[in-house]
Amino acid sequence: MKNFSMKQSFSCAKIEFIKWVCDARMIILAVMLIFIYNFAVEPLLKNSQLMNEPLNILEPFIAVANSSAILLIIPLVFLTLIADYPKIDTNTVFYIIRIGRINWLVGQILKLIFMALSFLAVIFLGTVIPMLSRGFWYNGWSNVTLKFAQQFPEQSGNFGVQLLPENLYNQLDVFSAAVQSYLFIFAYLIILGLLLLSFSLIKQKTFGFVMAGAIISLGTALCSIKSSLMWITPMANSVIWLHYTKYFRQPVMPIYFSVLYLCIFILVLLVFCFVAIKKFNYDNVMEIAM
């Protein structure tokens with residue numbers, strides 16, 4: 001067995017990440033950004049213009065990261081973009097033999113981290129950049145978020161108002177909400193990617209893809225009806241506002257529970273991957289790509 005080399009693992013991750021970025025499927029990401037702008041950024045901007053008050057630059061991103069509808073789209077788009085992850089064919093097998101199983105596996109994990117971070121970074125920039133000339137940077141919620149419904153009670157059901165519920169702005173400051181939202185969704189995406197990697201290593205890639213899709217669908221369904229069973233899914237544990245009530249400090253579900261849940265889920269999948277790679281059989285390798 002080859003000795004572990006972080007340099008070789010990083011090189012493997014870098015090469016494959018660049019290939020992924022240059023894939024024609026990235027056009028889907030551009031389409032998603034247009035949808036996000038129309039669905040989340042524009043309604044907030046309309047409320048801002050109506051009230052003649054600026055938004056916090058981070059508020060559209062926080063709205064996107066806490067919208068049940070968009071949180072169905074984001075993981076589905078990510079899953080589509082990484083559908084062939086990990087890409088294994090006959091040439092890949094020779095590459096695995098050359099650099100070693102563990103080096104290759106660590107390279108795939110690093111690639112997944114790069115993909116998830118860059119995917120979320122694009123979403124973050126796509127929501128923040130339109131606000132640079134129309135918003136402010138401060139660790140506090142805008143008057144648009146805090147007082148719009150009071151000033152315009154006839155529009156209290158306005159979609160822009162619903163994007164940032166009381167569960168967020170009554171419980172967290174802006175910076176905490178933005179950071180927690182980013183990290184929790186990142187963990188959610190990592191779980192989806194590790195599912196694909198895990199099942200690929202036991203030559204059940206199609207089942208892994210179906211399993212990831214089922215987890216997204218189940219999480220969305222349970223969150224939409226606010227079932228207590230939603231806390232068994234990564235989605236509920238990655239949506240910050242679901243953890244809090246509108247007004248009281250007592251949480252619906254402690255944040256530390258979700259941190260433990262997501263970390264343990266990721267750790268179990270990582271352990272499975274490291275065990276599976278040692279038993280990886282190069283025979284009939286094309287079964288993995290199915």
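This is a predicted model: local features need pLDDT of at least 70, side-chain atom pairs count only at pLDDT 80 or more; totals for chains, interfaces and linings use all residues.
How many disulfides does the structure hold? The answer is 0.

Start with Cys263. A disulfide needs two cysteine sulfur atoms within 2.5 Å. The closest cysteine sulfur to that of Cys263 belongs to Cys273, and because it is 16 Å away, it is too far for a bond. Cys273 isn't in a disulfide either: its nearest cysteine sulfur, in Cys12, is 14 Å away.

Now for the aromatic rings. The count here is 12 aromatic pairs. One of them joins Phe61 and Phe124, with ring centres 5.1 Å apart. Their planes sit at 75 degrees, so this pair is edge-to-face. Where do Phe61 and Phe124 lie? Phe61 is in helix H3 (residues 59-65) and Phe124 is in helix H6 (residues 101-128), so the pair ties together parts that are 63 residues apart in sequence. Phe61 is buried, with a relative accessible area of 3%, whereas Phe124 is partly exposed at 25%.

Helix H6 also brings in Phe119, which pairs with Phe78 of helix H4 (residues 70-81), 41 residues apart.

Finally, look for Phe10, Phe17, Trp20 and Phe114, which form one aromatic cluster.

Note on methods: Residues are numbered from 1 along each chain as its sequence is written. Side-chain values use heavy atoms; hydrogens and water are left out. Rings of Phe, Tyr and Trp (its six-membered ring) pair if their centres lie within 6.5 Å; planes under 30 degrees apart count as stacked, over 60 as edge-to-face and the rest as tilted. Helices (H or I, at least four residues) and strands (E, at least two) are DSSP runs, numbered from the N terminus. Buried means under 20% relative accessible area, exposed over 50%, partly exposed in between (1.4 Å probe, protein chains only).
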